[in-house]
Amino acid sequence: LAHFEHMKKSGDYYVIVVEDTNLGQIVATATLIIEHKFIHACAKRGRVEQVVVSDVCRGKQLGKLLVSTLTLLSKKLQCYKVTLECAPKTVEFYKKFGYSTSDTFMECRFFA
């Protein structure tokens with residue numbers, strides 16, 4: 001609980017949770033972490049992490065909802081880019097949201 005409170009107070013963590021009220025369970029979640037980069041005059045860089053959809057809810061577009069929401073949020077927060085790491089089998093999924101593969105196998109999206 002102390003770790004969660006620290007994350008909450010920092011203002012740099014945005015956690016999305018989807019609950020299926022019929023099941024009474026969390027069925028999807030994702031996190032956007034904001035970093036302040038010194039070499040970019042402390043500009044904001046977003047990092048999408050922990051995109052997870054439960055097996056019972058796969059195919060219901062929840063992954064799309066999570067990724068598109070966090071990508072739009074990073075833009076709203078004026079991040080100069082947002083990145084994520086993913087398994088090779090999910091690269092095509094993230095390309096649908098404007099991400100592209102870099103040399104370090106990170107998926108990146110740059111904002112003007």
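Is Asp55 buried or exposed? In this predicted model, Asp55 is exposed, with a relative accessible area of 65%.

1. Asp55 forms a salt bridge with Arg58, and the closest N and O atoms are 3.0 Å apart. Arg58 is exposed as well, at a relative accessible area of 54%.

2. The structure holds 6 salt bridges. One of them joins Glu35 and Arg45, with 2.7 Å between the closest N and O atoms. Glu35 belongs to strand S2 (residues 25-37) and Arg45 to strand S3, so this pair ties together parts 10 residues apart in sequence. Both Glu35 and Arg45 are buried. They are also part of a network of salt bridges that links Glu35, Lys37, Arg45, Arg47 and Glu49.

3. In helix H3 (residues 91-95), Lys95 and Glu92 are 3 residues apart, about one helical turn. Their side chains meet in a salt bridge (3.5 Å, N to O). Lys95 is partly exposed, with a relative accessible area of 40%, while Glu92 is exposed at 54%.

4. Strand S3 (residues 43-53) runs parallel to S4, and 5 bridges join the two. Gly46 stands opposite Val82 in S4. Together with helix H2 (residues 62-76), S3 and S4 make a right-handed β-α-β unit. Of the 7 residues of S4 (residues 79-85), 5 are buried, so the strand is largely enclosed by the rest of the structure.

5. The disulfide count is 0. For Cys42, the nearest cysteine sulfur is that of Cys79, 13 Å away. Cys42 is partly exposed, with a relative accessible area of 46%, whereas Cys79 is buried at 4%.

Note on methods. Residues are numbered from 1 along each chain as its sequence is written. This is a predicted model: local features need pLDDT of at least 70, side-chain atom pairs count only at pLDDT 80 or more; totals for chains, interfaces and linings use all residues. Side-chain values use heavy atoms; hydrogens and water are left out. Buried means under 20% relative accessible area, exposed over 50%, partly exposed in between (1.4 Å probe, protein chains only). Helices (H or I, at least four residues) and strands (E, at least two) are DSSP runs, numbered from the N terminus. Two strands pair if DSSP finds at least two bridges between them. A crossover is right-handed if, with the strands pointing away from the viewer, the path from the first strand over the helix to the second runs clockwise. A disulfide is a pair of cysteine sulfur atoms within 2.5 Å. A salt bridge is a side-chain nitrogen of Lys or Arg within 4 Å of a carboxyl oxygen of Asp or Glu.
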